[in-house]
Amino acid sequence: MLDVRRLQVLRAVVTSGSVTAAATNLGYTPSAVSQQIATLEKEAGIALLERVGRGVQPTAAGRLLTEHAAIISRHVAEAETALADLRAGRTGRLAIRYFATAGSALVPPALARLRSVHPGVQVDLKLVDPGDPLPEIAQGHADLAIVVHPREAPRGVHMTHLLDDPYRVVLPRGHRLAGKRVIDLADLADEPWVGEWPMGGPCWQIILDACAAAGFTPSVTVESEDYTNAQGFVAAGLGISLIPVMGLSNPHPGIITRRIRNPEPIREIHAAVRETTLDSPPLIELLTALREAAAHAVHGK
């Protein structure tokens, strides 16, 4: 295999016209340059230079390798520029995974800010609801994921807390508990429930844990795959439901919401990234924007 550094030495000799001039330009001794050329000729298996008077000129093989040395030098310079752009956050790609309610409340303003600061960064945005995106982060298939209530982060994954999203009880208008401003969770023990589907997701587990602490297991009569549908089922009188505040941005006219206590279920929302990417300027900007969007969401509650 040809040595790239020796190719550049050959190029210096050819462009300057002599070994001595090339040595001066490169800061080498003439003997060092001659040794590099001799080694390169052994690698190539053919003569690359021939003497002409007091100087040298390239053979056909020497001209060929000199042309390729110029191409290599140009490509290296382009690579260095591209790397500098990537390091500074002027280019690159971010793969982001999110769940539905975070998509409407947190992701749009954060991405708008990212685009304004780093317009050259491409974004691969994917909804993973239901699903656990943490393995994608740990394995390097995604750069950032917004997740709910992680019990334990995989090794090498850094969690940034964004906000706590409390649940509210959703009741049909005219419900017997509608006159209360705050409802004890145990008061819902005998109610039919509109539950979340799939039932094994982290948001539903938060509800199950809270109900267990209040001494009961909810009796689910209807399963709903999203909060909008759940509100419709509640409004129709098919049961009550617990929905986080971020899922109540567009409340159904046929429902009312009340705070819960003893205990109050809360889902913790985090941004997950790999620890090795925490120095990436676009990722730093995105995390900052997500924290600001989360602070605005909390203030809006």
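Let's start in a loop. Pro 263 sits in the loop between strand S11, residues 255–261, and strand S12, residues 266–274. Asn 262 is found in that loop between S11 and S12 too. Keep in mind that this is a predicted model.

What kind of peptide bond joins Asn 262 and Pro 263? A cis one, with omega at about -5°. Now look at the backbone of Asn 262. Its phi is near 60°, a positive value in a residue other than glycine. For context: most residues other than glycine have a negative phi, and most peptide bonds are trans.

Take helix H1, residues 4–16, and helix H2, residues 19–26. Their axes come within 8 Å and cross at roughly 120°. H1 and H2 are therefore oblique to each other. The crossing is right-handed. Who touches whom? From H1, we have Val 9, Ala 12, Val 13 and Ser 16. They meet Val 19, Ala 21, Ala 22, Asn 25 and Leu 26 of H2. By type, that contact has seven nonpolar residues, two polar and no charged.

H1 also packs on helix H3, residues 30–44. Here the angle is about 115°, and the axes are 9 Å apart. The handedness of H1 passing H3 is left-handed. On the H1 side, the contact uses Arg 6, Leu 7, Val 9, Leu 10 and Val 13. On the H3 side, it uses Val 33, Gln 36, Ile 37, Thr 39, Leu 40 and Glu 43. The tally is seven nonpolar, two polar and two charged.

Last topic: the largest pocket. Its volume is about 930 Å³. How many residues line it? The count is 46. Nearest the centre lie Phe 99, Asp 129, Glu 196, Cys 203 and Tyr 227. Several elements give two or more residues to the lining: helix H5 (100–105), strand S5 (144–148), strand S8 (192–196), helix H8 (202–213), helix H9 (227–235) and strand S10 (241–244). Which element gives the largest share? That is H8, with six residues. The lining as a whole divides into 24 nonpolar, 14 polar and eight charged residues.

That's the tour. Happy to go back to any part.

Methods:
Residues are numbered from 1 along each chain as its sequence is written. This is a predicted model: local features need pLDDT of at least 70, side-chain atom pairs count only at pLDDT 80 or more; totals for chains, interfaces and linings use all residues. Side-chain values use heavy atoms; hydrogens and water are left out. On a 1 Å grid over the protein atoms alone, a cavity is a set of points where a 1.4 Å probe fits but cannot get out, and a pocket is an open set with protein on both sides within 12 Å along at least five of seven lines; lining residues have an atom within 4 Å of a point. Grid points are joined across faces, edges and corners, and a volume is the space filled by probe spheres set on the points. Helices (H or I, at least four residues) and strands (E, at least two) are DSSP runs, numbered from the N terminus. Ala, Val, Leu, Ile, Met, Phe, Trp, Tyr, Cys and Pro count as nonpolar, Asp, Glu, Lys and Arg as charged, and the others, Gly among them, as polar. Axes are lines fitted to C-alpha atoms, for helices over the stretch in contact, and angles run from 0 to 180 degrees between N-to-C directions. Angles under 35 degrees count as roughly parallel, over 145 as roughly antiparallel, 65 to 115 as roughly perpendicular and the rest as oblique. A crossing is left-handed if the near helix is turned anticlockwise from the far one by less than a right angle, and right-handed if clockwise. Contact means heavy atoms within 4.5 Å.
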